[in-house]
Amino acid sequence: GKSFVVTGTASGIGHVVATKLLDAGALVHSLDRNTPTAAVTSHIEVDLANPRSIDAAVEQLDGEFDGLINVAGIPGTAPGDLVLAVNALAVRHLTEAMFERLRSGGSIVVVSSIAGSNWPLRLEAVRDLLATDTFDEGAAWFKDHPQEGNAYNFSKEVATVYAMSMSLALVEMGLRINAVLPGPVETPILPDFEESMGKDNLDGVRGLLGRHAQPDDIADAIIFLVTDSARWINGHGLVVDGGLSGGILTGVV
Ligand code: NAI
């Protein structure tokens with residue numbers, strides 16, 4: 001079977017991604033700060049907020065893989081520097097540390113959010129951040145350029161643009177990279193989103209769509225992107241929100 005490295009496996013969307021991949025006969029190597037409940041092939045404890053911890057985890061990973069699925073993330077109720085570190089800088093750091101460990105034909109997925117798709121994005125700031133060479137330089141840039149509003153939105157703008165902008169660089173390596181942008185999903189961090197975005201707003205969204213997403217709805221889209229069916233999809237931001245973005249575009253939401 002194919003072999004994947006998955007972050008965020010201990011909860012929510014990552015747990016379901018790991019479970020579905022295992023059920024399909026794949027090997028799943030888990031990276032999380034907590035222990036997953038799914039029967040993963042291997043688990044390495046990592047603190048994604050710390051690039052040294054990421055490097056140590058990659059060193060412990062044995063062999064080559066068919067994909068890297070960056071699911072782990074934290075909500076905007078956490079301190080801004082931590083949010084940027086886990087949701088954006090760690091994604092870049094881990095992804096780049098894994099390039100040489102991925103087989104040709106392999107695929108990378110970054111779980112972002114529609115919170116990072118409010119076009120036009122703060123593209124100039126995002127590009128400046130991504131122009132930094134290292135995790136630590138990125139963190140220092142953010143300290144000098146604190147972005148207005150919720151750090152979560154900015155971290156997800158960076159994650160989306162990072163995935164979309166790496167497509168050509170990955171062609172040379174025989175790899176693909178894509179982002180998945182969920183709307184609200186019923187996982188343990190939904191109450192944090194209710195806190196940072198307003199419970200009334202999220203209840204309104206649920207009313208319009210009939211329900212929030214289940215982790216399953218997002219996991220299927222993530223897994224599609226690492227299959228050969230998605231072989232010509234590279235540098236794409238796949239919105240998986242039940243139609244919510246259309247409502248935002250038309251001013252209904
Ligand atoms: P969750 O809270 O259920 O799972 C997050 C996972 O990331 C946990 O296993 C946690 O241990 C791990 N993690 C967090 N910080 C870590 C760190 N410093 N080091 C190592 N592991 C760490 O959340 P959920 O909902 O499954 O979220 C997964 C992804 O989906 C996140 O990137 C989130 O931003 C994104 N997302 C979630 C939405 C939602 O409504 N639940 C909506 C849009 C995007």
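Student: Which residue in S4 stands opposite valine 5?

Tutor: In this predicted model, valine 5 faces leucine 68 of S4. S1 and S4 pair in the parallel sense, over three bridges.

Student: Which residue in S2 stands opposite valine 5?

Tutor: Histidine 29 of S2 stands opposite valine 5. Strand S2 comprises residues 27–32, and five bridges join S1 to S2, the two running parallel. Between them the chain passes through H1, giving a β-α-β crossover from S1 to S2 that is right-handed.

Student: Why is S1 described as largely enclosed by the rest of the structure?

Tutor: Burial is judged here by counting neighbours: a residue is buried if 20 or more other C-beta atoms lie within 10 Å of its own. Four of the five residues of S1 are buried, so S1 is largely enclosed.

Student: How is a helix such as H10 to be read?

Tutor: Begin with the length. At 1.5 Å a residue, the twelve residues of H10 (215–226) should span 16 Å, and the end C-alpha atoms are 17 Å apart, which agrees.

Student: Which residues in H10 are buried?

Tutor: The general idea is that an α-helix has 3.6 residues a turn, so residues three or four places apart point the same way. In H10, the buried residues are Pro215, Ile218, Ala219, Ile222, Ile223, Leu225 and Val226. They cover an arc of only 155° around the axis, which puts them on the same side of H10.

Student: What do the buried residues of H10 pack against?

Tutor: Their partners include strand S1 (3–7), helix H1 (12–23) and strand S4 (65–70). Strands S5 (102–111), S6 (176–182) and S7 (237–240) are also among them.

Methods: Residues numbered from 1 in each chain as written. Predicted model: local features only at pLDDT ≥ 70, side-chain atom pairs only at ≥ 80, totals over all residues. Expected span 1.5 Å × (residues − 1). Buried ≥ 20, exposed ≤ 12 C-beta atoms within 10 Å, placed from the backbone. Arc of directions from axis to C-beta. Contact = placed C-beta atoms within 7 Å. Pairing = 2+ DSSP bridges. Right-handed = clockwise from strand over helix to strand, strands pointing away.
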